[in-house]
Amino acid sequence: MSSRRSTSQSLVRLLGHWQGSPSRTPLWRQLVDALRLLILDGRLPLNSRLPGERELASALAVSRTTIATALGQLREEGYIVSRHGSGSTVMLPAQSPQIPGRMSGAVALDLSTAALAAGPEIHQAFSHALTALPQHLSSTGYDQHGLPALREAIAARYSQRGLETRADEIMIVNGAVSGLALVLRHLTGPGDRVLVDNPCYPLALAAIQGAQCRPVGVALAESGWDVDGMAAAIAQTAPRLAYLMPDFHNPTGRCMDSATRQAVAGLAARTRTTLVVDETMVDLWFNEPPPPPLAAFDSQAPVITLGSAGKSFWGGLRLGWIRASAGTIASLVQTRDTLDLGSPLLEQLAACWLLDNAQQLLPARRRMLAARRDMCRQLMETWFPQWRFCLPEGGLSFWVELPERVATRFAAQAESVGIHLGTGTRFGVSGAFDRYLRIPFTLEDDILQEAFQTLQPLWETVAGQQNISRIRKLV
């Protein structure tokens, strides 16, 4: 039996506006689509137990027959397993789902992940890493600080960007999310509050909740950041730390200007609130580079900066770093003893080569992403003229506002044709943003065009159902 159980209240919140009214699709089928989407999204954790049929029927205001039929279908598809007296437990099918649809080969297409495949430079980097490896084989390979040459290269990059940094102020970790988890383990305890932008990067939210902390969302202004709102939230909730992504924020793509960085750094210094600044996207600018790192704007502000090679070069490297004071780094190394013994050496050697050649590699990556961004914009304006969005200055995706709160329903329909969408509810504290989608522009143009052509009639159906429902309410 699973030790974790989803409550009916949390499940209702996660499902959002799952029920289309009116709709020719049976209610139980709509519920199947919505629950399947939650499982594939990871918002319903594997091995967690669902509420009982009677409790679910009451919470969702549907008949118990509807619940039983929906759970039976999910059981047949392999998404839950039920045992008498133990309820239904969430799982994944033994094989990846093959969803009939128009996409090539009927293989599911992931439009929920904003990341690029590896380029030829990754193979080159590992070739150079293998050449450099023998000189390190006489050591144990355990180093919780990270390879000195890599730390020096990262420190030099910070210094070039306006934040003087030494190698002893850098620690190599297994990705930026791993770095955040380590910082949370070191600085927070169960029940502590962590200030976040709302919307926020979902894996950061998961890390915060996994540390048994409570995320406190500060809504982003229509443009930029709400520093006054941030100050009010700090005064009212006394958070243990604040997590920010000022460089091409995920999911909105916006970049914090220098004046706002100065204000935020000053606020952190006055309130002694530790800022954890995620710079994962910092290299992915299109027109001009972002301002200096936030930590450079006030030397009195307690700032811990997270970086990553994942978005700049390739996610498969699984390498990130923490930039902080030498004392904080030493404390984090001690905390790391309870987690792991360091990062893989070969990947660190590959990252060294990539950073050494970044000035030659990154411009081409930026040009390619800018071209794909422009194509994605053109396709969305053609196929989905009702969608609203701002042109991102960098990053990997659009934050799209829909005319109605139908993101969950639309994503559930998209699953039926083999396309996995990232709904706004993944990025909101307490499941907000059901009228938003995050649309990445990381896929090749022809694949993205085929995906949008497939999605367009589904969108027309969902939008049409919403319009009919609104007219009936007016009547």
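Predicted model: local features only at pLDDT ≥ 70, side-chain atom pairs only at ≥ 80, totals over all residues.
View 1. Residues are numbered from 1 along each chain as its sequence is written, and side-chain values use heavy atoms, with hydrogens and water left out. Partly exposed is the range between buried (under 20% relative accessible area) and exposed (over 50%), computed with a 1.4 Å probe on protein chains only. The phi of Arg318 is positive, at about 50 degrees, although the residue is not a glycine. Arg318 lies in the loop between β9 (303-308) and β10 (320-323), where strands (E, at least two residues) and helices (H or I, at least four) are DSSP runs numbered from the N terminus.

**View 2. Lys311 is buried and has no salt bridge.** Lys311 is placed in the loop between β9 and β10. The nearest side chain of opposite charge, that of Asp278, is 8.4 Å away; Lys and Arg count as positive and Asp and Glu as negative, while His and the chain ends are not counted. A salt bridge requires a side-chain nitrogen of Lys or Arg within 4 Å of a carboxyl oxygen of Asp or Glu. Leaving aside residues up to four places away in sequence, Lys311 touches Ala114, Thr280, Met281, Leu284, Arg365 and Leu396, contact meaning heavy atoms within 4.5 Å.

**View 3. Phe248 is a non-glycine residue with a positive phi of about 55 degrees.** The residue is found in the loop between β7 and α10, and Phe248 is buried, with a relative accessible area of 2%. Pro251 is also located in the loop between β7 (241-244) and α10 (258-271), and the peptide bond leading from Asn250 to Pro251 is cis, with omega near 25 degrees.

**View 4. Asn198 and Pro199 are joined by a cis peptide bond.** Omega is about 15 degrees for this bond, and Pro199 sits in the loop between β5 (193-198) and α8 (202-210).

**View 5. Helix α5 (residues 120-132) and helix α12 (residues 345-356) have axes that come within 8 Å and cross at roughly 120 degrees.** That angle makes α5 oblique to α12. Axes are lines fitted to C-alpha atoms, for helices over the stretch in contact, and angles run from 0 to 180 degrees between N-to-C directions; those under 35 degrees count as roughly parallel, over 145 as roughly antiparallel, 65 to 115 as roughly perpendicular and the rest as oblique. Residues of α5 that meet α12 include Ile122, Phe126 and Leu130, and those on the α12 side include Leu346, Trp353 and Leu354.
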